[in-house]
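Welcome! Let's take a friendly walk through a structure, one piece at a time. Have the 3D view open and follow along.

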Amino acid sequence: MRASVNPWRVLIKAIVLFAIANIAFAVSSPAVGRITLYNRLLPGRLRFPYEQQPAFYGVGYNAPLFEDFDAMFGSHVIANGEKPADEFRLILLGDSATWGGHLPADENLAEQINRLALQTCGGRRIRAYNLAFPWPFSFRDLLILDEAMKYQPDEVLWLVTLSTFDRQNIEMEFLRPHADRALRLMDRYDLDLPWLARRLDSPSFWDRTIVGQRARLNKIVRAQLYGLLWSATGIDFHVTRTPVNPQPVSPDVPRSVAYFDVASSQELSRLLDALTLNDIAAAVQIAGEVPFIVVNEPIFVATGKNSGLRYNNNYPRWAYDAYRAAIAEYTSARGYEFRDFWNTIPPNEFLNPSLHRSPAGERRFAELLAPVIAQAACPLEPQPQSR
Amino acid sequence: MSVAEILVLIGLAMLGGSFRRGRGLILLALSAAVVFWLQPGNEAIPSLAFWIPFATLAVTVLAWVLTAPPEARGWRENLPAGLVLGGVVLLVDLDRFIPSLQIFTEFLPLPLFAGLAIAGVFLLVCVIGYFQGGARLFRTLLLFGILAVFVFLKTPHLAGNVLSAVSAWRGRSLAADATVAFAWMGYSYLAFRLIHTIRDRQTGRLPAVGLAEYVNYVIFFPAFTAGPIDRLERFISDLRSPPALTNDDWLHAGKRLTMGLFKKFVLADLLAVVSITDALAVQTRTGGWLWLFLYAYAFRIYFDFSGYTDIAIGMGRLMGIRLPENFAAPYLKPSLTQFWNSWHMTLTQWFRSYFFNPLTRSMRAAQHPLPVWSMILLSQLSTMALIGLWHGITWNFVLWGGWHGLGLFIHNRWSDFVRGRMPAWTSARPGSAAINGAGVLLTFHFVALGWVFFALSTPRASWLALLKLLGVS
């Protein structure tokens, strides 16, 4: 005769086991993000997974994994095995313009550079990797660069704009899961960022349990499934499911000369004081021996109504000009490599909204960058070689 | 339903099962309250979130009056159930006075209107009870009324368009992009149970039950939204037995609930991410990937539905009610006939009882009966087409039903053909296992291809997907 099982004992055991599993998870913090199908069963993504809202995850076949760098980098093609001996590894950092907002994955800047089939003087093929992440935020890029150094880059291009260094663009959602890492980085490179540091708290014990981490774990699992859809369709962003919006950007801009809450050029010093240009120095230090080039990326330059006041919807002329001068002076004073491409792409090669470039614009920008890339790859020969 | 809602329902089930005395009335009160709680809001006419559940209760009470024999309709025995139902309606309505505790919809009517509505139903019950001579006519009218509402709800956009029009007429403008949906929570299963009792009453097979037992059967909350579809006589035998729960009951319930939650909220929800959709059918670059997404859909729909069934069975067990099984490893069946005997079993049994068997009997009894094969074809096709239409009145559901009807017919003819003609090796161990395995594979793929019609929205999208799957495009 079967012995009767007491259901309350079963329940208590289940609760105890669940508690033990949570405590063990919190204590050991296992690198769950390293378990990935990408670059094993599935091709790695050409850019980091990103979607603005959970409602779009299932439409763009994509879920952002920024809470877990193991998972985020693990899903990227850069993590596909050992670096080949014949590869000159170029990484691009930046915001959505570099990530390729409004563009299919294979049309973004890194892929346009790869299409140029550049080679170093020694015959190594130059392979560009898109490690940009949407929304401009310099400190976020430092964190990505710090992690990216594990992947042995030979050259780093950091594509920046005024917004990149705007202190107000703090993406706490991105930073919060990396609070410890961020504080370590500040400490290591003497970054005095009290306004940022005071907003960073290490996760509590509860936050580190399975229950506390359930959103991250859920996204990691879902991201593997979205990998199947990405492999099957080549789609990795909801905007790019439909053809690129062909509507031209309006040449007119608003009459206001304000840059967000900075009303006018009267407050120039407030604007400049708020720029986080010191992050450039930290980035150069993180890159170490690896050639590191700061690139002021092209912006849409309006030609219509009020274009004498503003370059575009984002930047009044006075603010942008002051920023350009400041960054040029900062990099020049310290001997950092800096290239300014601010007005090199014609207005008709920008997409609506004017922040992102069209495939033609990306192609043109890639061609403009080719000599810069080659200069680092072949210091003695400034011209790129094409296969 | 969300996990939180299901956990609340499990808690209610434990509460309901803990009462030994007055269990019928307590389950009645819980089920009636849950009917109001689960009803989604309505953007066009917000007060429908109250009136639809009210209509569910009202039509159930009316169906009872029309199906119960006079000896089961005594005032004394049924007054407590009536008071409980009326009390629940009024208590739900009182929620309007506690805005911070908004359990039900925020658009509750004035208690006066709720009271008048209850009085109206009471009056109708009295009138119908008085005119018993017209009960047969009333039953038929109710039957057609239930079917008419069903068609209204299941025809895409029909209910939504009517709601929009009514909303506009009342001067209430909706957002331009608002999708007006008319959701009557649990109507499908409500209709099945009501039709079952009305038809059984018409054929004299319905047992005599009181109001509490009848309403409990129809709106029993674990099975209200997703089945299974029990039979009244089986349900009340459990309801009338004392609910002394043993350790085995608790363990069984716990196992089914855990399994159900895992199937629904882990397996089905994850498979949903990679299930075939209209968009994926177009975007997927190769047929191989599309097969994968089709398999995902096949398992997703199974885990989703059988997960809900497990949860319903588990909750029922906590209250001492053993709901019938709905799935029995359907994808491991070696023929389509066996598949349909193990997929959504209570639905197929319902259609067998109330459509297939009567239709077949009437065709056989005809003065000039059709050839056997054509009777089988007609009955299979029409039954499966109706099952398809039950999911929604669209061409794709008709095609899905037709696909299965044709499959069942072919299997029936094939079985007849090969009977006695199979070589001896097919009945020996390795041969029979191989044939069984091949049958499982073939049946599963037939069913999976059928899901294309079910998952996609139009015949054209389905056709293109089938071509891609077969490597033709």
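## A pair of helices to start with

Begin with helix α3 (residues 48–67) of chain B and helix α5 (residues 111–130) of chain B, whose axes come within 10 Å and cross at roughly 15 degrees. That angle makes α3(B) roughly parallel to α5(B), since angles under 35 degrees count as roughly parallel, over 145 as roughly antiparallel, 65 to 115 as roughly perpendicular and the rest as oblique. The axes here are lines fitted to C-alpha atoms, for helices over the stretch in contact, and angles run from 0 to 180 degrees between N-to-C directions. Helices (H or I, at least four residues) and strands (E, at least two) are DSSP runs, numbered from the N terminus. The crossing of α3(B) with α5(B) is right-handed; a crossing is left-handed if the near helix is turned anticlockwise from the far one by less than a right angle, and right-handed if clockwise.

Which residues meet between α3(B) and α5(B)? From α3(B) come B:Phe54, B:Ala58, B:Val61, B:Leu62, B:Val65 and B:Leu66, and they meet B:Ala117, B:Val121, B:Leu124, B:Val125, B:Ile128 and B:Gly129 of α5(B). Two residues are in contact if their C-beta atoms, placed from the backbone, lie within 7 Å. By class, this contact has 11 nonpolar, 1 polar and no charged residues. Ala, Val, Leu, Ile, Met, Phe, Trp, Tyr, Cys and Pro count as nonpolar, Asp, Glu, Lys and Arg as charged, and the others, Gly among them, as polar.

## How to read this model

This is a predicted model, in which local features need pLDDT of at least 70 and side-chain atom pairs count only at pLDDT 80 or more, while totals for chains, interfaces and linings use all residues. Residues are numbered from 1 along each chain as its sequence is written, and chains are lettered from A and ligands numbered from 1 in the order in which they are written.

Now find α12(B) and α14(B), which pack at an angle of about 155 degrees with their axes 7 Å apart. This makes α12(B) roughly antiparallel to α14(B). Their crossing is left-handed. The contact of α12(B) with α14(B) has 15 nonpolar, 5 polar and 8 charged residues.

## Where the chains touch

How many residues does each chain bring to the contact? Chain A gives 15 residues and chain B gives 12 residues. On the side of chain B that touches chain A, the elements giving two or more residues are α12 (247–273) and α14 (287–318) of chain B. The largest share of that side, 6 residues, comes from α12(B). By class, the side of chain B that touches chain A has 7 nonpolar, 4 polar and 1 charged residues.

## Each chain as a whole

Chain B has 20 helices and 0 strands. Its radius of gyration is 24 Å, close to the 23 Å that the globule rule gives for 473 residues, so chain B is as compact as a globular protein of that length. The radius of gyration is taken over C-alpha atoms, and the globule rule is 2.2 Å times the number of residues to the power 0.38. Along its principal axes, the C-alpha trace of chain B spans about 70 × 55 × 55 Å. Of its 473 residues, 37% count as buried. A residue is buried if 20 or more other C-beta atoms lie within 10 Å of its own, exposed if 12 or fewer, and partly exposed in between, with C-beta atoms placed from the backbone.

Chain A contains 14 helices and 7 strands. The radius of gyration of chain A is 23 Å, close to the 21 Å from the globule rule for 387 residues, so chain A is as compact as a globular protein of that length. Its C-alpha atoms fill a box of roughly 90 × 50 × 45 Å along the principal axes. Buried residues make up 41% of the 387 residues in chain A.

## Some backbone details

In chain B, the peptide bond from B:Gly227 to B:Pro228 is cis, with omega near 0 degrees. You will find B:Pro228 in the loop between α10 (221–224) and α11 (232–240) of chain B.

In chain A, look at A:Ser29, in the loop between α1 (7–28) and α2 (54–60). A:Ser29 is not a glycine, yet has a positive phi of about 40 degrees. Is A:Ser29 buried or exposed? With 10 other C-beta atoms within 10 Å, A:Ser29 is exposed.
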